[in-house]
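Dear colleague,

I am handing over a structure that you have not worked with before, and I would be glad if you could look through it with the notes below at hand. The sequence and the structure come first, and what was found follows.

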Amino acid sequence: MPSASATPASAATPAVEVRGVVKRYGAVEALRGIDLTVNTGEMFALLGPNGAGKTTLFSILATLRAPTEGGARVLGHDVVAERDAVRRAMGIVFQEPAIEQRLSGRDNLLLMGLLYGLPTAAARRRADEILGQLGLAEAADRPAKTLSGGQRRKLELARALVTDPKILFLDEATLGLDVDARRGFWGHVRGLAAAGCTVFFTTHYMEEAEVADRIALIDQGRIVALDTPRALKARLGGGVIRLKTDDDTRARAWLVEKNFTPEAEAGAELMLLHADPAAVLPELLRHLPVKVLRAEVKEPSLEDVFLKLTGRKLAGDEAPAALGAGGAPGGGRGKGGRP
Amino acid sequence: MMLRGIWAIVVLDMKRFWLEKARLVAGLAQPLLYLFVLGKGIGASSQMGGADYQRFIFPGVLALSLLFTATFGAITIVFDRQVGFFKAVLVSPVPRAAIALGKISSGALQAALQGLVVLPFAPLAGLPLGLGETIALFGGIALASVTFSALGVAVAARFTSTTVFPIVSNAVLLPMFFLSGALYPLSGAPRWMQIAAHLDPVAYAVDLMRGALLDKFFFSPWLSLGVLAAVIALLTWLAVLVFRRGEDDSSLGATQFNWRR
């Protein structure tokens, strides 16, 4: 039995502690031994392609699923044995809507307060307060379904904040929002983090992950890297050269022959890591035996880091703008659809 | 936390119900059809005589209305699980038992409200309501509503698909209604139907309400009260179990992690 008394939630207690977590769905191993620690007040991102285990880990921390092996603590409380203590302390925004669309924002927040044991008058006051803070006061009395996508997401955040959580879990919270709405949403989240709230989030928008203090890259149920965004990118050293030629296969063969190491990428480009890409590019362009259609030198992105570490691309990164524009593929996406 | 949790669930459901208050009127169609079309038609050629038959089936039709309203309320569970506010409920510290009890309470409340809307048609069916009868009938409505709501929740909580539930519900509800003696006297029914009625909670509810109005009982009222109380207790327990079991999803017996290394 974990002893609750021995682990009071103090400044020394990590906000999230995951030790050896394995989760199996029948024969499928969704998590294969996850260890990580999130410090209090940290903004922590979990980044990985669909099916990497993000949502499963998220669900375990959010007390919606129990680990098959290992354990996890949120603010010092075991997510299985002290489920209710975890639930009281956290706020959570799901990828799918979790507000009653036919009721007003105010009613949704009032109900949330009641669920957490506030008396009606106090729940009402708290709802008004949060609506004001998030700039939703004017839309508060309209049925939630009549709000814009950005307002609805803010309302989800408001719902999570009703109980003044010490830790906020966000699962792909801005999926399907346009760039402006996403910026507005993260503005609020950063404000909360600045005020000392721990934020643990999953995303597959690179620029959203960049705001995190630390990022865990997850792939096939394992953490493949865990560091600050800057340190992760520094792992690659130098920069990235991307080339598009009229014969990539031949170009690749030539590069290998000249002792370069092009990444085995699935995309329609060649990618090359180099300590000094700007210096080597002119050389390459002069000697490559194929016609170069496009050449690009850039700082390594998290995408590049992920690719280097796993040999796989993160999903949905090619055209983030297009993804952001309206009717994104919504809640389903094969997540949480497991038994 | 338990009582506040139940209260929160009831407030949620009643707020949603109030958005669809037109359902109270739409919900009149079925009982009135039974009462004034079926009742009149069959009554005209039954041994009981038209007026008597309508009087006779009124409590049965009332039960029908309660049964369908209560189980319809329970269907929201199936829908809610997939999307919506209920997800937020599931990650709140509300005890799972409170969720089940709240759902049963709000379903019963909705059914009772529907019952109160049907009640004023009693005089038109030849049943002038005296004070004593009305009070006794309220008791019957309350008990029947809770029973049917507990039934709905205990069944609905087990389903994850909204499309299957109505089918199952019809396969369960209609037989229960037809075997309950709502539309014919059980005393004149074949033996096997009488036996089946003994196993049908709807039959006891109908008999209690009919007794309250017409002072004619098939079962002893004490037996009916006892059976309904037992059925409510059993179904509530089953519903609570289902909500509790949802906690650990597929992992049978999640291991408790030893934090002391």
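What distance, taken over C-alpha atoms, separates the centres of domain 1 and domain 2 of chain A? The centres of these two domains of chain A are 37 Å apart, and please keep in mind throughout that this is a predicted model. The domain assignment places domain 1 of chain A at residues 16-231 and domain 2 at residues 235-313. Where the two domains of chain A are in contact, 17 residues come from domain 1 and nine residues from domain 2.

Before the details, a word on confidence. Chain A has an average pLDDT of 83, and 88% of its residues score at least 70. In residues 1-9 of chain A, however, the pLDDT is below 50, and this stretch has 13 contacts in the model beyond near neighbours in sequence. The pLDDT is also below 50 over residues 316-339 of chain A, a stretch for which the model shows 40 contacts beyond near neighbours in sequence, and I would ask you to read both stretches with caution.

As for the overall make-up, the secondary structure of chain A comes to 12 helices and 13 strands, and of the 339 residues in chain A, 53% are buried. Among the contacts in chain A with a separation of 6 or more, 70% are between residues 24 or more positions apart.

Four strands of chain A form an open sheet in the order β2-β1-β4-β5, with antiparallel pairing. Because β2 (28-38) and β5 (77-78) of chain A stand at the edges with a single partner strand each, one side of each is left without a neighbour in the sheet. Within the sheet, β1 (residues 16-25) and β4 (residues 69-74) of chain A run antiparallel and are joined by five bridges, and A:V16 has A:V74 in β4(A) as its bridge partner. Helix α1 (residues 54-61) of chain A packs on this sheet, where it touches β1, β2 and β4 of chain A, and its direction makes about 120° with that of β1(A).

The contacts of A:L36, leaving aside neighbours within four places in sequence, include A:V16, A:F44, A:L57, A:F200 and A:I223.

A:T63 is buried, with a relative accessible area of 0%. The other is A:D164, with a positive phi of about 55° although it is not a glycine, and A:D164 is found in the loop between α5 (149-161) and β7 (167-171) of chain A.

Technical notes: Residues are numbered from 1 along each chain as its sequence is written. Chains are lettered from A and ligands numbered from 1 in the order in which they are written. This is a predicted model: local features need pLDDT of at least 70, side-chain atom pairs count only at pLDDT 80 or more; totals for chains, interfaces and linings use all residues. Side-chain values use heavy atoms; hydrogens and water are left out. Two strands pair if DSSP finds at least two bridges between them. Helices (H or I, at least four residues) and strands (E, at least two) are DSSP runs, numbered from the N terminus. Contact means heavy atoms within 4.5 Å. Axes are lines fitted to C-alpha atoms, for helices over the stretch in contact, and angles run from 0 to 180 degrees between N-to-C directions. Buried means under 20% relative accessible area, exposed over 50%, partly exposed in between (1.4 Å probe, protein chains only). pLDDT is the predictor's confidence in each residue, from 0 to 100. Domain bounds come from an automatic or database domain assignment.
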